[in-house]
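Welcome to this guided tour. Open your viewer, switch to a cartoon view, and follow along from stop to stop.

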Amino acid sequence: MPDELDLLISRDRIGARIDELASAIDADYAAVDELVLIGVLKGSFIFLADLARRLTIRHRVEFIAVSSYGDRESTESGAVRLLMDVRHDIAGQHVLVVEDIIDTGHTLAYLLRLLEARGPASLRACTLLRKPDREQVEVPIAYLGFDIEDVWVVGYGLDFAERYRTLPDICAVRR
Ligand code: PRP
């Protein structure tokens with residue numbers, strides 16, 4: 001592991017938690033024809049891949065991309081921009097938004113507003129990580145992996161200036 005990183009959540013703990021989340025989602029959507037998973041790029045790509053492969057219910061995968069966290073000021077002011085939309089209409093569909101991390105909450109709040117306006121049959125959110133101390137807008141989370149401290153985290157999809165996304169564990173960047 002690089003020197004500037006401290007292990008925060010090991011791959012084993014991540015895997016065990018995703019087993020639990022997938023079981024809960026399987027149970028909750030057992031009666032639904034098809035669940036639409038919408039991964040929020042880029043950070044969620046690894047979490048979404050691992051979560052989706054554990055689901056036994058019928059599902060399909062979509063992606064959406066919004067403006068970058070790198071532009072911290074605009075994110076904190078709540079100005080989120082849509083960079084890439086999903087490819088299919090979600091009207092009448094059961095939708096689960098899959099995020100890697102909720103920080104201020106602005107991104108997810110924006111996405112839920114955007115998607116709700118399209119008339120899905122149901123709309124919920126799942127996030128692997130959340131930083132309760134950073135919350136500026138309250139967003140409903142149906143499925144949560146871990147609450148964490150306000151530290152910069154990398155690995156398992158999360159980056160620091162595009163580095164470390166593919167580390168298998170979640171680590172904190174030492175400041
Ligand atoms: C991260 C994360 C969320 C958002 C959360 O994405 O994946 O989408 O920031 O922040 P918020 O709760 O303060 O709105 P980021 O912009 O880092 O982009 P990336 O996933 O492409 O790395």
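Two strands count as paired if DSSP finds at least two bridges between them. Helices (H or I, at least four residues) and strands (E, at least two) are DSSP runs, numbered from the N terminus.

Before you start, note that this is a predicted model, where local features need pLDDT of at least 70, side-chain atom pairs count only at pLDDT 80 or more, and totals for chains, interfaces and linings use all residues. Residues are numbered from 1 along each chain as its sequence is written, and side-chain values use heavy atoms, with hydrogens and water left out.

**Stop 1: the sheet of three strands**

Select S1, S9 and S8. They form an open sheet in the order S1-S9-S8, with antiparallel pairing. Strand S1 (5–9) and strand S8 (153–154) are at the edges with a single partner strand each, so one side of each has no neighbour in the sheet.

Now colour strand S9 (residues 170–173). Four bridges join S9 to S1, and the two run antiparallel. Which residue of S9 is the bridge partner of leucine 7? Cysteine 171 is, while isoleucine 9 has isoleucine 170 as its bridge partner. Towards S8, S9 pairs in the antiparallel sense over two bridges, and valine 153 stands opposite alanine 172.

Show the side chains of S9 next. Ile170 and Ala172 point one way, Cys171 and Val173 the other way, and all are buried (buried means under 20% relative accessible area, exposed over 50%, partly exposed in between, with a 1.4 Å probe and protein chains only).

**Stop 2: the sheet of six strands**

Move on to the open sheet with the order S4-S3-S2-S5-S6-S7, where the pairing is mixed. Strand S4 (82–84) and strand S7 (143–147) stand at its edges, each with a single partner strand, so one side of each is left without a neighbour in the sheet. From one strand to the next, the twist averages 30°. (Axes are lines fitted to C-alpha atoms, for helices over the stretch in contact, and angles run from 0 to 180 degrees between N-to-C directions.)

Select strand S2 (residues 35–41) and strand S3 (residues 59–66): seven bridges pair them in the parallel sense. Here leucine 37 stands opposite valine 61 in S3.

**Stop 3: a helix on the sheet**

Eight of the 11 residues of H4 are buried, so H4 is largely enclosed by the rest of the structure. Among them are His106, Tyr110 and Leu115.

Click on glycine 105, in the loop between S5 and H4. Is glycine 105 buried or exposed? Glycine 105 is buried, with a relative accessible area of 4%. Not counting residues up to four places away in sequence, glycine 105 touches Val137 and Val139.

**Stop 4: two helices together**

Finish with helix H1 (residues 11–28) and helix H2 (residues 45–54), which pack at an angle of about 55° with their axes 9 Å apart. H1 and H2 are therefore oblique to each other (angles under 35 degrees count as roughly parallel, over 145 as roughly antiparallel, 65 to 115 as roughly perpendicular and the rest as oblique). To see where they meet, show residues including Ile18 and Leu21 in H1 and Phe47 and Leu51 in H2.

Note on methods. Contact = heavy atoms within 4.5 Å.
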